[in-house]
Amino acid sequence: MFAIYAGYDRQEIDRLIDWYFEGQCDGNTRLKIYCYVALGGLLWSNWCEYKRMCGVKFGEYAFRQYQYAKDYLKTVEAEVEKRKIQINE
């Protein structure tokens, strides 16, 4: 959540993961974190939409959160597909 609140891009998120895990983050854990980024973005974009319906606008923040949900869903899907290909080789 820190990373998406801070507006980190993929490279910055990967650096944060590497720092936190002292360079020892395995692929499954990294994939789980990408899932959390997508879910966090979805959660907060939905919250922003609810608040918008109540008369509170979040503007760019709401859009950024939605983009995290979309972008990291694609990231997770690509990583899962890559793993399927590696297993079948």
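1. Ala3 is buried, at a relative accessible area of 8% (buried means under 20%, with a 1.4 Å probe and protein chains only). The residue sits in helix α1 (a DSSP run of H or I, at least four residues, numbered from the N terminus). Beyond its neighbours within four places in sequence, Ala3 is in contact with Tyr8, Ile13, Leu16 and Tyr68 (heavy atoms within 4.5 Å).

2. This is a predicted model, in which local features need pLDDT of at least 70 and side-chain atom pairs pLDDT 80 or more, while totals for chains, interfaces and linings use all residues. Residues are numbered from 1 along each chain, and side-chain values use heavy atoms, without hydrogens or water.

3. Ala3 also belongs to the lining of the largest pocket, where Met1, Ala3, Leu16, Ile17 and Ile33 lie nearest the centre among 13 lining residues. A pocket is an open set of points on a 1 Å grid over the protein atoms alone, where a 1.4 Å probe fits, with protein on both sides within 12 Å along at least five of seven lines; lining residues have an atom within 4 Å of a point. Two or more lining residues come from each of α1 (2–5), α2 (10–20) and α3 (27–53); α2 gives the largest share, five residues.

4. Buried residues of α3 include Ile33, Tyr34 and Val37. After α3 comes Gly55, with a positive phi near 100°.

How values were computed. Buried means under 20% relative accessible area, exposed over 50%, partly exposed in between (1.4 Å probe, protein chains only).
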